[in-house]
Structure formats: structure tokens, C-alpha cells
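Here are some friendly notes to read beside the model. Please keep the sequence and the 3D view open as you go through the points.

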Amino acid sequence: MILALVLFLGLSSYVIINPGEAGVLSILGKSQDGALLEGIHLKPPLISQVDVYDVTVQKFEVPAQSATKDLQDLTGRFAINFRLDPQRVVEIRRTQGSLANIVAKIIAPQTQESFKVAAARRTAEESITQRELLKNDFDSALQSRLEKYGIIVLDTSVVDLNFSPEFARAVEEKQIAEQQAQRAVYVAQAAEQEAQAEVNRARGKAEAQRLLAETLRAQGGELVLQKEAIEAWKSGGAQMPQVLVMGGGNTTGVPFLFNLKDFKGNS
């Protein structure tokens, strides 16, 4: 029995703190100053207790609700990565107790308040278009609030961000209206370009007709006309006339008239 008692007292007179942990020694219910970091530590048997805290990275998702600068309801859900400061676990033990209490009594309400601060700086539309800036404001507010409790915020992520159904419908209607307006501008631009193209084609056609008229009025102009007619007949783009008149009057063309049917019969 003595040996068993000695063995029991020996085993209860030390504690081993593993990597990623920090311990708080309490003697007769009173927390002792100085955190127990990783390694082996002696403690009084029977009258002492060691509370061990996980100081590795913890992750919790916390919901939050606020109103934007233009008084639109905004709800969010944030994933918060944090860890406890190993050097301040004694203070945490004295003021907050367990990790569950820390999340429920410190992290959750401070997340809510930080979200209110960040959301109130922007309108609902800016919260959508400037989401990264909203997150940065939230991070800054949360870090400053939790730091005094010995909680180190490593990173936050916006898991979800939602607005009221009325605002969501208004955003959708606005997007539809903007798309329709952009389409109307595109159609108007296309019509304007087509009209300008018609004007350019008309100008080109008028210019070509003017040049052709000047050519025909010039000396030898009728020869150009005759040449174009013959080229058209040769290429099959026009029907061969039954009667062909060349020259006549005071023109400089060949002054004779013949019937192509007679020409075909003789041939």
C-alpha cells in the first residue's frame, strides 16, 4: 500500500504539456501566474489541477447581421481562424474559462459588432461591388477587439453574404434594365452605322454616275458606251438585241443600221 501511495503521488506530481498546448496551474482553486508551455512541469499532488488549452489554429463559423449605410438589411456568415496567445492563457482562464465560453461570450458578439462597423460604412450596392474592402474593414475591427482578450485572429473568410429579398429583386431588376439599355445603345449604334454606310454608298453611286456622265459628254464618250454594251453581251450579262444601231445623226459613231437576224441567216 505504501508503494502504491508513493507511485500515485509520484504520477500526480508532474504534468506533460504537448506541442500546441499551454497549461494553467491551479493550487487549491487559485490560478498561478505563468503559463505552462510544452514540456514536463512539477506540480503539488492532490491539491493542484492543470487546465490545458489548445493554442493551435482554431476555426469557427460565426453568423452576423447588420444594416448598411442606406439602411438595407445585410446578413453574413464568417469563418474565423484564430488561436489563443500561449503567454496569456492564465488571463484567459481567469476571465473566460473554457474555449467554448471564449467562442460564445467573446468571439461571437465581437464578430457581430465588427460586422456592424464594417457594414455601416457602405451602401448595400457598395457592399457587393467593394466586398474585399468590406472584409478588410471587418478584419481590422475584429482584430483590434479580440486582441485585448488574448485572441489572435489569423484570417477571416466571408462564407455567405445576403440581402433582403426586396433588395435582391431591386438589384436583379436594375441589372436587367442596364442590359436592356446597353442593348438599345448597341442597336442605335448599329442603325447609325448602317445609315452612314447607306449615305456613303449613295455618295459613291452619285459620284460614279457623275463621272460616267462626264465621260459620255466628252469626245469619244459614245465609244465607251458601245464598248461596255458589247462587253456585257459577250459576258452574257445582257440580252443580244435584234436590231443594232451604230452611229447616226451628227455623232461620230459608225453610220449604219443592220438587222442581226439577217446577219445570223447569212452566216
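1. Let us begin with confidence. Strand E10 (residues 256–259) has the lowest confidence in the protein chain, at a mean of 42, while strand E2 (residues 21–27) has the highest, at 92. The score here is pLDDT, the predictor's confidence in each residue, from 0 to 100. Residues 251–260 have a pLDDT below 50, and beyond near neighbours in sequence this stretch has 21 contacts in the model. A contact means heavy atoms within 4.5 Å. The protein chain averages a pLDDT of 78, and 73% of the residues score at least 70.

2. A word on the ground rules. This is a predicted model, in which local features need pLDDT of at least 70 and side-chain atom pairs count only at pLDDT 80 or more, while totals for chains, interfaces and linings use all residues. Residues are numbered from 1 along each chain as its sequence is written, and side-chain values use heavy atoms, with hydrogens and water left out.

3. Now the overall make-up. The protein chain has eight helices and 10 strands; these are DSSP runs numbered from the N terminus, with helices (H or I) of at least four residues and strands (E) of at least two. Of the 267 residues in the protein chain, 26% are buried. Buried means under 20% relative accessible area, exposed over 50%, and partly exposed in between (1.4 Å probe, protein chains only). Among contacts between residues at least 6 apart in sequence, 64% join residues at least 24 apart.

4. Next, a sheet to find on screen. Three strands form an open sheet in the order E3-E2-E5, with antiparallel pairing. Strand E3 (30–31) and E5 are the edge strands, each pairing on one side only. Two strands count as paired if DSSP finds at least two bridges between them; E2 and E5 are joined by seven bridges. To locate this pairing, look for Ala22, whose bridge partner in E5 is Tyr53.

5. Most residues other than glycine have a negative phi. Leu46 has a positive phi of about 70°, and this residue lies in the loop between strand E4 (39–42) and strand E5 (48–54). Leu71 has a positive phi of about 65° and sits in the loop between strand E6 (58–67) and strand E7 (73–84). Are these leucines buried or exposed? Leu46 counts as exposed because its relative accessibility is 63%, and Leu71 is exposed too, with a relative accessible area of 71%.

6. Gln96 is a loop residue of another kind. Gln96 lies between helix H2 (89–95) and H3, and it is buried because its relative accessible area is 16%. Leaving aside neighbours within four places in sequence, Gln96 is in contact with Asn101, Ile102, Lys105, Ile106 and Tyr149.

7. The structure holds one cavity of 30 Å³ or more. Its lining consists of Phe78, Phe115, Ala118, Leu134, Lys135, Phe138 and Val158. Helix H3 (99–119) and helix H5 (131–147) are the elements that give two or more residues to this lining, and H5 gives the most, with three. By class, the lining has six nonpolar, no polar and one charged residues.

Methods: 1 Å grid on protein atoms, 1.4 Å probe; cavity = no way out; pocket = protein on both sides within 12 Å on 5 of 7 lines; lining within 4 Å. Points joined across faces, edges and corners; volume = space filled by probe spheres on them. Nonpolar A, V, L, I, M, F, W, Y, C, P; charged D, E, K, R; others polar.
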